[in-house]
Amino acid sequence: MKLENKIALVTGGGRSIGRAICLKLAGEGADVIIANSSLEPANEVAGLIRAKGRRCKVIQTDVTKYDQVKQAVATTLGEFGRIDILVNNAGGSAREKMSLFCDSEEETWDYILNLNLKSVLYNCRQVIGPMLAQGSGSIINIGSVAGMIGLASQVDYSAAKAAVIGFTQALAKETSRSGVRVNCISCGPMASSAHKMSEAMRERTAKTVLGEATGFDRFGEVDDIAYLAAFLASDESGFITGQNYPVCGVMNLGLNEPLMR
Ligand SMILES: NC(=O)c1ccc[n+]([C@@H]2O[C@H](COP(=O)([O-])OP(=O)(O)OC[C@H]3O[C@@H](n4cnc5c(N)ncnc54)[C@H](O)[C@@H]3O)[C@@H](O)[C@H]2O)c1
């Protein structure tokens with residue numbers, strides 16, 4: 001097992017991508033701390049992790065509140081002694097708040113930037129000191145293909161996720177000589193989100209995104225992300241830092257149709 005006895009803190013680990021990452025890290029031998037805004041789904045994940053013989057603690061945390069992030073990291077360090085892996089997963093585009101930029105409001109920008117960008121800074125700022133002191137650590141930021149190509153109606157979200165890539169690169173440059181690595185995974189459209197869409201949106205997304213955009217006839221699966229996260233968390237990726245990994249088929253590469261048939 002490649003993460004034997006490592007301690008992993010995962011934000012938003014109660015559901016979907018975060019849940020899959022928690023289970024995968026635990027399956028590779030890590031003890032997992034889940035910082036999630038709601039307790040119930042996170043407790044269910046914790047039960048599954050303990051059934052694998054790993055330790056797991058759930059800490060109710062809103063990652064947009066710096067004092068709560070400070071508390072979650074302090075509690076983790078107090079009980080587990082160290083943090084080897086930080087996965088900044090909590091985030092999202094808040095579909096009900098999506099609009100064209102010309103119709104958007106400052107309140108929504110603040111919400112999206114706090115959830116997707118400042119939360120990453122908060123968690124990294126609290127974890128980076130202990131990681132530098134121990135001379136090791138792997139930080140994985142969960143981004144989006146929106147941050148690489150920009151998505152209409154998700155301008156604020158695209159901006160936040162693009163900033164996460166820049167942040168990842170810059171922090172990696174500051175920390176590589178101290179044994180701390182920082183990487184980003186930019187996810188494409190996931191099957192776990194399809195059920196949250198309205199039927200009309202699901203149909204539109206299936207028509208435009210699947211096949212044409214990703215080059216696959218399917219959405220991404222949460223395990224597509226979890227496997228890469230486990231690799232980046234492990235010593236197998238010891239020479240990799242400051243990188244961004246798109247997991248979205250060919251969606252980040254532009255035109256996916258032959259110019260001439
Ligand atoms: N699902 C997709 O299609 C997709 C695509 C690209 C990128 N992403 C990114 O992947 C990450 C996970 O997305 P998802 O779709 O799996 O999320 P999700 O909405 O399905 O689950 C998010 C989890 O985080 C928790 N959470 C929400 N707000 C929180 C907060 N303020 N503090 C702490 N926990 C909070 C929720 O309780 C839940 O457990 C996000 O960063 C998202 O931007 C997702």
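**Entry 1: strand β6 and its neighbours**

I began with the strands and found that β5 and β6 run parallel, joined by eight bridges. I took two strands as paired if DSSP finds at least two bridges between them. Helices (H or I, at least four residues) and strands (E, at least two) are DSSP runs, numbered from the N terminus. The model is predicted, so I kept its limits in view: local features need pLDDT of at least 70, side-chain atom pairs count only at pLDDT 80 or more, and totals for chains, interfaces and linings use all residues. Residues are numbered from 1 along each chain as its sequence is written, and side-chain values use heavy atoms, with hydrogens and water left out.

Next I asked myself: how many residues of strand β6 are buried? Eight of the eight residues of β6 (residues 180-187) are buried, so the strand is largely enclosed by the rest of the structure. Buried means under 20% relative accessible area, exposed over 50%, and partly exposed in between (1.4 Å probe, protein chains only). In a regular strand the side chains alternate between the two faces of the sheet. I sorted the residues of β6 by direction: V180, V182, C184 and S186 point one way, R181, N183, I185 and C187 the other way, and all are buried.

**Entry 2: the ligand**

I listed the shell and got 28 residues around the ligand, the closest being R15, S16, N89, Y157 and S193.

Which elements supply the shell? α1 (16-27), α4 (106-134), β5 (137-144) and α6 (155-175) each supply at least two residues. β5 gives the most, with three residues.

I then checked polar contacts, meaning pairs of N or O atoms within 3.5 Å (within protein, one must be able to donate a hydrogen and the other to accept it, and residues adjacent in sequence count only if both atoms are side-chain atoms). A polar backbone atom of V63 is 2.9 Å from a nitrogen atom of the ligand. For S37, I read 3.1 Å between a polar backbone atom and a ligand nitrogen. An oxygen atom of the ligand is 3.0 Å from a polar backbone atom of M190. On its own the ligand has 840 Å² of accessible area, and the protein covers 89% of that. Accessible areas come from the Shrake-Rupley method with a 1.4 Å probe; for residues, only the protein chains shown count as cover.

**Entry 3: salt bridges**

I searched the whole structure and got 11 salt bridges. The cut-off is a side-chain nitrogen of Lys or Arg within 4 Å of a carboxyl oxygen of Asp or Glu.

K2 and E236 meet in one of them, at 3.4 Å from N to O. This pair links distant parts of the chain, 234 residues apart: K2 is in the segment before β1 (7-11), and E236 is in the loop between α9 (222-233) and β7 (244-247). K2 counts as partly exposed at 30% relative accessibility, and E236 as exposed at 53%.

D31 and R54 form another, their closest N and O atoms being 3.2 Å apart. D31 lies in strand β2 (residues 31-36) and R54 in the loop between α2 (39-51) and β3 (56-60), so the pair ties together parts 23 residues apart in sequence. I found D31 buried at 5% and R54 buried at 15%. E4, D31, R54 and R55 are linked in a network of salt bridges.

I also noted R82 with D84, at 2.8 Å from N to O. R82 is partly exposed at 32%, whereas D84 is buried at 8%.

**Entry 4: backbone angles**

Most residues other than glycine have a negative phi. I noted N5, not a glycine, with a positive phi of about 65 degrees. N5 is in the segment before β1 and is exposed, with a relative accessible area of 53%. S16, not a glycine either, has a positive phi of about 50 degrees. S16 is in helix α1 and is among the closest residues to the ligand.

Definitions and conventions: A residue is near a molecule or strand if one of its heavy atoms lies within 4 Å of it.
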